[in-house]
Amino acid sequence: MQTATTLTISGTSSVKPSKHFLPILSHVVRQEGFTGLFQGASVRVASHMPATAVSFCGYDWGKRLVRQIRPQDEEVPSKKSPLSIAELSIAGALSGIPVTLFETPLERIKCLLQVQAGSPIKMYNGPVDCGAQLIEQAGVSSLY
């Protein structure tokens, strides 16, 4: 399903953009076969578990940072007092920073592989080759 959406957004699908998903889905299945629905999905699957781990680490880092910068209460030590909803929200927002840095390159590679799947010209031979070519051609910043 992600493939169909990516192809429609990128304009590489010959199917006109539609409010309905089924024409796009059936087009991908006719052109690429059933496996075409999963082009680029290996990158997403491979990145999901590490991204979740990075998210939890980022959340823990965010909670520690919030505890360090909040005003000190003389009666309750800072490390033992529970965080407020606002403080937990800030920690959650901070956890998004490392996740974004980790997932953005993988998402870019996934999208490039999906767009390539609908094209007769194959530039990349998989996720590793795609990432290597991007870095070789334009540097690490091309992953973002």
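Visitor: Why is Cys 111 called partly exposed?

Guide: Its relative accessibility is 26%. Buried requires under 20%, and exposed requires over 50%. Cys 111 lies between those limits, so it counts as partly exposed. Note that this is a predicted model.

Visitor: What makes Cys 57 count as exposed?

Guide: Cys 57 has 54% relative accessibility. The cut-off for exposed is over 50%. Cys 57 therefore counts as exposed.

Visitor: How many disulfides does the structure hold?

Guide: The structure holds 0 disulfides. A pair would need cysteine sulfur atoms within 2.5 Å.

Visitor: How confident is the predictor in the protein?

Guide: The average pLDDT is 81, and 79% of the residues score at least 70. Among the elements, helix α1 (residues 2–10) has the lowest mean, 53. Helix α5 has the highest, 93. Where pLDDT is low, the predicted coordinates should not be read in detail.

Visitor: How do you know that the buried residues of α2 line one face of the helix?

Guide: The buried residues of α2 (residues 22–32) are Ile 24, Leu 25, His 27 and Val 28. Viewed down the axis of α2, they fall within an arc of 160°, so they line one face. An α-helix has 3.6 residues a turn, so residues three or four places apart point the same way.

Visitor: What is found on the other side of α2, and what comes just after the helix?

Guide: Leu 22 and Arg 30 are exposed on the other side of α2. Just after the helix, Gly 33 takes a positive phi of about 85°.

Visitor: Why is the pair Phe 34 and Phe 38 called edge-to-face?

Guide: The ring centres are 5.4 Å apart, and pairing requires centres within 6.5 Å. The planes make 65°, and over 60 counts as edge-to-face. A search of the whole structure finds 1 aromatic pair.

Visitor: Which residues make up the largest nonpolar core?

Guide: The core has 6 residues: Ile 109, Leu 113, Tyr 124, Cys 130, Leu 134 and Leu 143.

Visitor: What does Leu 134 touch, beyond residues up to four places away in sequence?

Guide: Leu 134 touches Arg 108, Ile 109, Leu 112, Tyr 124, Gly 139, Ser 142 and Leu 143.

Notes. Residues numbered from 1 in each chain as written. Predicted model: local features only at pLDDT ≥ 70, side-chain atom pairs only at ≥ 80, totals over all residues. Heavy atoms only, no water. Buried < 20%, exposed > 50% of the residue type's maximum accessible area, 1.4 Å probe, protein only. Helix = DSSP H or I, 4+ residues; strand = E, 2+ residues; numbered from the N terminus. Arc of directions from axis to C-beta. Core = buried A, V, L, I, M, F, W, Y, C linked by side-chain atoms within 4.5 Å. Contact = heavy atoms within 4.5 Å. Phe/Tyr/Trp six-rings, centres within 6.5 Å; stacked < 30°, edge-to-face > 60°. pLDDT = per-residue confidence, 0-100.
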